[in-house]
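Reader: I'm new to this one. Can you put it up and take me through it?

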Amino acid sequence: SSGEQGLAIAREILPDTVVLDLMMPGMNGFDVATQLKSDLRTAAIPILILTSHDVSPAERVQLESKISGVVKKGGATSNRLIAAIRDLDRRQRASGLRD
């Protein structure tokens with residue numbers, strides 16, 4: 001329900017992937033991504049951004065080293081999210097990060 005709560009859960013359960021909205025109550029998604037990547041326990045967890053926010057070129061640069069992809073909310077969101085997760089899985093398998 002908030003960035004702080006999501007960050008705490010990610011640190012506790014160490015998920016395979018984090019799907020993160022940029023606009024959340026409290027801590028925003030930019031801050032959550034930064035904290036996840038700066039913590040050795042969570043730094044390797046891939047982050048997919050799912051947002052209705054138009055990500056500006058400056059924001060893309062800010063996120064570039066922290067995220068694995070961006071999925072825009074709207075029509076067919078679930079199909080695009082599933083495709084992004086499958087693409088992430090393929091990339092991880094190709095790089096030897098997953099068996």
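This is a predicted model: local features need pLDDT of at least 70, side-chain atom pairs count only at pLDDT 80 or more; totals for chains, interfaces and linings use all residues.

Reader: At what angle do α1 and α2 pack?

Author: Helix α1 (residues 3–13) and helix α2 (residues 29–38) pack at about 20°, their axes 10 Å apart. Helices are DSSP runs of H or I, at least four residues, and strands are runs of E, at least two, numbered from the N terminus. Axes are lines fitted to C-alpha atoms, for helices over the stretch in contact, and angles run from 0 to 180 degrees between N-to-C directions.

Reader: Which residues meet there?

Author: From α1 come G3, L7, A10 and R11, and from α2 come V32, Q35 and L36. Contact means heavy atoms within 4.5 Å.

Reader: Switching topic, what order do the strands of the sheet take?

Author: The order is β1-β2-β3, in an open sheet with parallel pairing. Two strands pair if DSSP finds at least two bridges between them. The edge strands, β1 (18–20) and β3 (69–72), each pair on one side only.

Reader: How many bridges join β1 and β2?

Author: β1 and β2 (residues 47–51) pair over 3 bridges. V19 stands opposite L48 in β2.

Reader: And where does α2 lie?

Author: α2 lies across β1 and β2, at about 155° to β1.

Reader: How many salt bridges does the structure hold?

Author: It holds 6, a salt bridge being a side-chain nitrogen of Lys or Arg within 4 Å of a carboxyl oxygen of Asp or Glu. D39 and R11 form a salt bridge at 3.0 Å, N to O. D39 is in the loop between α2 and β2 and R11 in helix α1, 28 residues apart.

Key:
Residues are numbered from 1 along each chain as its sequence is written. Side-chain values use heavy atoms; hydrogens and water are left out.
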